[in-house]
Amino acid sequence: MYQFGFIGMGNMGSAMLKGCLSVFPANTLAFSRKDAAKGEALSLETGAVWIDSNRTCAEQSRYIILAVKPQFYDGVLKEIQPVLDDSRIIISLAPSYSIADLKQSLGSSVRIVRAMPNTPAMVGEGMTGLSWSDDDFSESERTELMQFFTSFGKAETVPENLMDAVTAASGSSPAFIYMMIEALADGVVKYGMPRDKAYTFVSQAVLGSAKMVLETGEHPGLLKDNVCSPGGTTIAAVAELEASGFRSSLIKAASAVCDRCRNM
Ligand SMILES: NC(=O)C1=CN([C@@H]2O[C@H](COP(=O)(O)OP(=O)(O)OC[C@H]3O[C@@H](n4cnc5c(N)ncnc54)[C@H](OP(=O)(O)O)[C@@H]3O)[C@@H](O)[C@H]2O)C=CC1
Ligand SMILES: O=C(O)[C@@H]1CCC=N1
């Protein structure tokens, strides 16, 4: 019996798998995916076991992670439903499937953890929001699952009605941050900085700024003020960002994520 069985092993599944290998031995991890060549290659690379069938992967795993795109959910749920019993726990990553939707497909007694991770899990800096289906998880199951989710970053339980907001805050937001890193790098390449150096300088500034918010507990506005010298360089750029609608673009981006979660 495997401890964790991933059904689907694309961007998100492989980020979680690679992240959790720091804590869980590879031979306790299994996965199924469509592409056999990629399955065998990842198995060779990581030591995790590739299984040529979703149903067998579910049957042989205690915790079953649904890591396929939402459009493939219905097919996968039908495949694995017959092998689910009370000892299994489903971990679902799709933004658009509620715990109630999953129970309707899989049976009301199936225990479900709805999770919204993000791809920085691959480097151990993920952020996962979690909602649990019932109060009927044992203490050891909760501990083991938190051990899993914290093996690739931070994890916090949230009420399920906040899952759309979690999707915007940390599930989708890495894409926006990468866009910002790329654009800012373009801006300094324009002034002669080599591309690779530009990514290092900008990315380290993003990492350090995030760490300042997390570790000092200061309001982000105060941290921003501390960078802006009166009449200086930063405030000149802040004024440009405000004029271009920087903040309102990000607020609109978060709203777009939440709207899409509700209308997929
Ligand atoms: N990407 C992200 O940043 C995040 C994604 N998520 C959620 O995670 C889930 C997976 O997304 P993501 O990893 O990005 O998607 P990908 O498209 O990168 O990967 C999907 C995986 O599903 C596999 N697959 C497709 N159909 C089947 C099937 N019938 N049976 C078994 N495996 C199948 C594919 O196999 P193969 O490659 O072999 O063809 C692939 O490995 C989604 O629900 C998404 O919303 C949540 C948070 C963040
Ligand atoms: O774009 C998506 O639908 C998924 C969910 C969060 C990140 N990627």
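In the model I am presenting, the C-alpha centres of domain 1 and domain 2 lie 32 Å apart. Please bear in mind that this is a predicted model. The domain assignment places domain 1 at residues 2-158 and domain 2 at residues 166-262. Where they meet, 9 residues of domain 1 are in contact with 6 residues of domain 2. On the domain 1 side, the touching residues comprise 5 nonpolar and 4 polar ones, with no charged residue.

Strand β1, residues 2-7, pairs with β2 in the parallel sense over 4 bridges, and phenylalanine 6 has phenylalanine 31 of β2 as its bridge partner. Together with helix α1, residues 11-20, these two strands form a right-handed β-α-β unit.

Helix α2 itself, spanning residues 36-46, is hardly covered, with 1 buried residue among its 11. Just after α2, glycine 47 adopts a positive phi of about 90°.

Finally, I come to ligand 2. Which residues are around ligand 2? They are Pro95, Thr167, Gly171 and Ser172. This shell divides into 1 nonpolar and 3 polar residues, and no charged residue is part of the shell.

Key. Residues are numbered from 1 along each chain as its sequence is written. Chains are lettered from A and ligands numbered from 1 in the order in which they are written. This is a predicted model: local features need pLDDT of at least 70, side-chain atom pairs count only at pLDDT 80 or more; totals for chains, interfaces and linings use all residues. A residue is buried if 20 or more other C-beta atoms lie within 10 Å of its own, exposed if 12 or fewer, and partly exposed in between; C-beta atoms are placed from the backbone. Domain bounds come from an automatic or database domain assignment. Two residues are in contact if their C-beta atoms, placed from the backbone, lie within 7 Å. Ala, Val, Leu, Ile, Met, Phe, Trp, Tyr, Cys and Pro count as nonpolar, Asp, Glu, Lys and Arg as charged, and the others, Gly among them, as polar. A residue is near a molecule or strand if its C-beta atom, placed from the backbone, lies within 6 Å of it. Two strands pair if DSSP finds at least two bridges between them. A crossover is right-handed if, with the strands pointing away from the viewer, the path from the first strand over the helix to the second runs clockwise.
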